[in-house]
Amino acid sequence: MTAKSMMPYVQGNSAIRAMFEEGARMAKEFGAENVYDFSLGNPSVPAPPEVNQAIRDILDEEDSLLIHGYNKSNSGYEDVRATVAEHLNRLHGTAFTAANIIMTVGAASGLNVALKTLLDPGDEVLAFAPYFVEYGNYAKNHGGVLKAVPADPAAGFQPNLEALRELISEKTQAVIINSPNNPTGVVYSEETLQKLAAILEEKSAEIGHPIFIISDEPYRELAYDGVTVPYVTKYYRNTIVGYSWSKSLSLPGERIGYLVIPSEIDDFDNAIVAANIANRVLGYVNAPTLIQRVVARCIECAADIDAYDRNRKALYEGLIDAGYECTKPEGAFYLFVKSPLEDDVEFCALAKKYHILIVPGKSFACPGYVRMAYCVSYDTIVNSLPHFRDLMEEVRGL
Ligand code: PLP
């Protein structure tokens, strides 16, 4: 029998499946170019040409048994991890070595490895709403409980630090942060990180054990208007960083990322071994070997971020013109827009009438808003705007 514990996921999945099916049905009925699908965070720009070239070169140049084999260490190739560490040190002035890096199966597995390393059953993890919906499931995978720190829309969705303080208990082991943020596009400033660090230091001392920051960073390179994304380990000692090339190199299907576990964290010697073992016992075994070698060769490359920036401006300005309310995102590729109807689920249902597919804020623990993923073609954005205007007209007339 299917486990009872899986049934809430099965039921939840029917809503996602219904959305996919509806999108496919609409594309068939009206033509794909007449459906404005802003529902998925799947990159719309191709991986840079260096990636495909690196794959060809590696196949020609490197030992087949090695590039397709198990890694000797579950943490990944030593030379790839050293390349990642040196890259981070060049960018951020840090002092990591291969010993601080664990190659992972994307950010998703990195988060699971980090949580398995830190959590015992009943432990609590905090995340600032709105947050990536899978965080709750990942915490549950390891017996943890995710608690949402309420959103602060008036502060432009910057983290609500006073609410965080109130929610910390003796059971709190970690706070997951995500900047640039999915779904708001908000980037946490240096000042925000300093304040967050001060609270966590104070509270860690009070409860008698460290509270870790797990910094989920798949959008680190996607920042616009010259905004810098501060490197979290420089502000808070007990930080584990989870990175992924899913968005920065447009490689989500290749499942490749890494964890940084700095030597300065409490109990480093145990934690680094535990994370290596977690990679194995969770069934990831090691990150895909060929692609580890590819990202090491392409460590200085990036997908065409300018295309997202152009989309961001066009969609943001078009929606504001049409009367929608939204904080201008500084990063990632999402707009988090105030739902013109009180019920965000109802608004997303109404949007379908105008061939627009968007996701309710309820899915990010933040009802009353909707998420629009602008990793689509520029034409999709331009062509969708009259439909967004008509949709707003209908809402105003209700
Ligand atoms: N974290 C956030 C905030 C995301 O938006 C995503 C994917 O969209 C992930 C983690 C998972 O990324 P990956 O594909 O690297 O597992």
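**Close-up views of a predicted model**

**View 1. E217 is buried, with a relative accessible area of 1%.** Buried means under 20% relative accessible area, exposed over 50%, and partly exposed in between (1.4 Å probe, protein chains only). The model is predicted: local features need pLDDT of at least 70, side-chain atom pairs count only at pLDDT 80 or more, and totals for chains, interfaces and linings use all residues. Residues are numbered from 1 along each chain as its sequence is written, and side-chain values use heavy atoms, with hydrogens and water left out. E217 sits in the loop between β6 (212–216) and β7 (239–244); strands (E, at least two residues) and helices (H or I, at least four) are DSSP runs, numbered from the N terminus.

**View 2. The side chains of E217 and S215 are joined by a polar contact of 2.7 Å.** Such a contact is a pair of N or O atoms within 3.5 Å; within protein, one must be able to donate a hydrogen and the other to accept it, and residues adjacent in sequence count only if both atoms are side-chain atoms. Apart from neighbours within four places in sequence, E217 is in contact (heavy atoms within 4.5 Å) with Y231, V232, V241, G242 and Y243.
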